[in-house]
Amino acid sequence: MTRAPFLIAALDVAAHDRSRFNSGSPALDHYLREQATQDRRRRVAASFVALDNDLRIAGYYSLSTASVPLPDLPSGLQRKLPRYKAVPAVRMGRLAVDVDFQGRGLGSSLLINALRRAAGMEIPAAVLIVDAKDDQAAAFYRHHDFIVLANLPLSLFLPLATVR
Ligand SMILES: CC(C)(COP(=O)(O)OP(=O)(O)OC[C@H]1O[C@@H](n2cnc3c(N)ncnc32)[C@H](O)[C@@H]1OP(=O)(O)O)[C@@H](O)C(=O)NCCC(=O)NCCS
């Protein structure tokens, strides 16, 4: 798989043109255009964009903090964690690649970048969780070894200890 040399950086509204972004999912495009900056300002989520050489946004993901009830995790993983009611998590609420850039490995690169970012945080989280928008998106995450959370087919996770 070819990995294009994209720069992945925090979304900067002044420098990055969000108006052209088209992932084929109106809800994900709308979030980047209308909501992402507000969410950052209100400290509820941060978006990161992949930029091509012309600084065009080729893809993005958003991260926020979350927690997962301990019983929702597989028993093997529960045994490795303290007996708290819930464990800290990072949620990747959104991931999207522009249709012009899909199928070139950018989705994988963004996923890896998000995992590294979450695993490298100074304030630790035990897992990265994702909300897949449909079965096809869930299949993308399963392809990358994500595990279904508590029998909810559209919620998946990966332990961050694995990433480290
Ligand atoms: C899903 C999405 C992010 C994938 O991005 P992409 O750049 O097209 O995917 P990549 O080229 O990085 O694919 C990487 C690998 O995942 C596989 N893959 C891609 N989509 C897949 C799917 N839906 N199901 C299973 N595997 C998938 C590819 O075959 C490839 O496999 P390989 O590494 O073994 O060759 C992109 O298609 C997208 O933005 N879709 C619309 C929005 C969406 O569904 N977002 C999902 C999160 S809610």
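Helices (H or I, at least four residues) and strands (E, at least two) are DSSP runs, numbered from the N terminus. The model is predicted, so local features need pLDDT of at least 70 and side-chain atom pairs count only at pLDDT 80 or more, while totals for chains, interfaces and linings use all residues. Residues are numbered from 1 along each chain as its sequence is written, and side-chain values use heavy atoms, leaving out hydrogens and water.

**View 1. Helix α3, residues 106-119.**

**View 2. Ser-108 in helix α3.** Ser-108 counts as buried because its relative accessibility is 9%. Its side chain makes a polar contact of 2.7 Å with that of His-144; such a contact is a pair of N or O atoms within 3.5 Å, where within protein one must be able to donate a hydrogen and the other to accept it, and residues adjacent in sequence count only if both atoms are side-chain atoms.

**View 3. The largest nonpolar core.** A nonpolar core is a set of buried Ala, Val, Leu, Ile, Met, Phe, Trp, Tyr and Cys residues joined through side-chain atoms within 4.5 Å. The largest has 30 residues, and Tyr-61, Met-92 and Leu-128 are among those with the most contacts inside it. Helix α3 gives the most to this core, with seven residues.

Definitions and conventions: Expected span 1.5 Å × (residues − 1). Buried < 20%, exposed > 50% of the residue type's maximum accessible area, 1.4 Å probe, protein only.
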